[in-house]
Amino acid sequence: MNEEVLEMWTLVDQQIHHAMEALLKNDKNQAYSVVCRERKVNAYELKIDSDCEDIIALYAPVAIDLRYVLSIFKINTNLERLGDFAESIARSVMNLPDDMVISENIILASRLEEMCQQVFSMLALAREALEKEDVDVAQQVIAKDNLVDEINKQALGIVAAYLEKHPKEAYLCLVLISIIRKLERFGDHCTNIAEEIIFYLEAKVVKHSEKKYEGRDE
């Protein structure tokens, strides 16, 4: 089962990378490929869910073994949601006008690439934490989410200011705001995964801690 989870993880990682590349290049062919591969992500989710249910029903695991199965079950759900975000971004690209060029100015102003690198790093660290069974690495994922939240909070004002100077790019600005919101949620799901790894390894529930949500406006 662990091998299947890592295979799904690799696929989801490829999906979000390809979706963002498609956005930056307005590459509809690449975006379409992301949409098509979403079915494979869903197939992994169903298979892993079934495996978790079978293990609980047939072997009645306890203690750390039970925590492992429960954590994998929830990690699987979060990975599927990450795949959904990648697909959604790809569909946004497919709806962009063919001649639309995303200028470097708006990318820099919105801190879009910085946000992308942050969520890519969170996903990679979460995988490392699971493979190495390392709580410290999982904690790094949770800490990194703060910057993603910060960029998300600033994005609306930054893009609005850009729009004032470039009113002809209104549609693009709306798309970027939507994608930045999706990337913020992407970071949240990476954090959820890290929390599940900590639960599995240390039997600690770190969800909904005050520190994690301090300053957030949700």
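Start with a polar contact: a polar atom in the side chain of Arg127 sits 3.3 Å from the backbone oxygen of Leu6. (A polar contact here is a pair of N or O atoms within 3.5 Å; within protein, one must be able to donate a hydrogen and the other to accept it, and residues adjacent in sequence count only if both atoms are side-chain atoms.) This is a predicted model, where local features need pLDDT of at least 70, side-chain atom pairs count only at pLDDT 80 or more, and totals for chains, interfaces and linings use all residues. Residues are numbered from 1 along each chain as its sequence is written, and side-chain values use heavy atoms, with hydrogens and water left out.

Arg127 belongs to helix α5, residues 112–132. (Helices, H or I of at least four residues, and strands, E of at least two, are DSSP runs numbered from the N terminus.) With a relative accessible area of 22%, Arg127 is partly exposed. (Buried means under 20% relative accessible area, exposed over 50%, and partly exposed in between, using a 1.4 Å probe and protein chains only.) Setting aside neighbours within four places in sequence, Arg127 is in contact with Leu6, Trp9 and Thr10, where contact means heavy atoms within 4.5 Å. Trp9 is 118 residues from Arg127 in sequence, yet their C-alpha atoms are 7.7 Å apart in space.

## α1 against α5

Helix α1 (residues 2–25) packs with α5 at an angle of about 175°, and their axes are 11 Å apart. (Axes are lines fitted to C-alpha atoms, for helices over the stretch in contact, and angles run from 0 to 180 degrees between N-to-C directions.) So α1 and α5 are roughly antiparallel to each other. (Angles under 35 degrees count as roughly parallel, over 145 as roughly antiparallel, 65 to 115 as roughly perpendicular and the rest as oblique.)

On the α1 side, the residues that meet α5 include Leu6, Trp9, Thr10, Asp13 and Ile16. Their partners in α5 include Cys116, Phe120, Leu123, Ala126 and Arg127. Sorted by class, the α1–α5 contact has 13 nonpolar, three polar and four charged residues. (Ala, Val, Leu, Ile, Met, Phe, Trp, Tyr, Cys and Pro count as nonpolar, Asp, Glu, Lys and Arg as charged, and the others, Gly among them, as polar.)

Gln14 is also found in α1, and at 36% relative accessibility Gln14 counts as partly exposed.

## α5 against α6

What is the arrangement of α5 and α6? The axes of α5 and helix α6 (residues 135–165) come within 9 Å and cross at roughly 165°, which makes α5 roughly antiparallel to α6. The crossing of α5 past α6 is left-handed, meaning that the near helix is turned anticlockwise from the far one by less than a right angle (clockwise would be right-handed).

Among the α5 residues making this contact are Met115, Val119, Met122, Leu125 and Ala129, and α6 contributes residues including Val137, Ala138, Val141, Leu147 and Ile151. By class, the α5–α6 contact has twelve nonpolar, four polar and four charged residues.

Ile197 lies in α7. Is Ile197 buried or exposed? At 0% relative accessibility, Ile197 counts as buried. Beyond neighbours within four places in sequence, Ile197 is in contact with Ile75, Ala126, Ala129, Leu130 and Ala138.

## Tyr44 in α2

Tyr44 sits in helix α2, residues 28–59, and is buried, with a relative accessible area of 17%. Leaving out neighbours within four places in sequence, Tyr44 is in contact with Glu4, Glu7, Met8, Leu11 and Asn76. Gln30 is 14 residues from Tyr44 in sequence and 21 Å away in space, C-alpha to C-alpha.

## Two loop residues with positive phi

Most residues other than glycine have a negative phi. Arg111 is not a glycine but has a positive phi of about 60°. Arg111 is in the loop between α4 (104–110) and α5, and counts as buried at 18% relative accessibility.

Ala203, likewise not a glycine, has a positive phi of about 60°. Ala203 lies in the loop between α7 and α8 (210–213), and at 44% relative accessibility counts as partly exposed.
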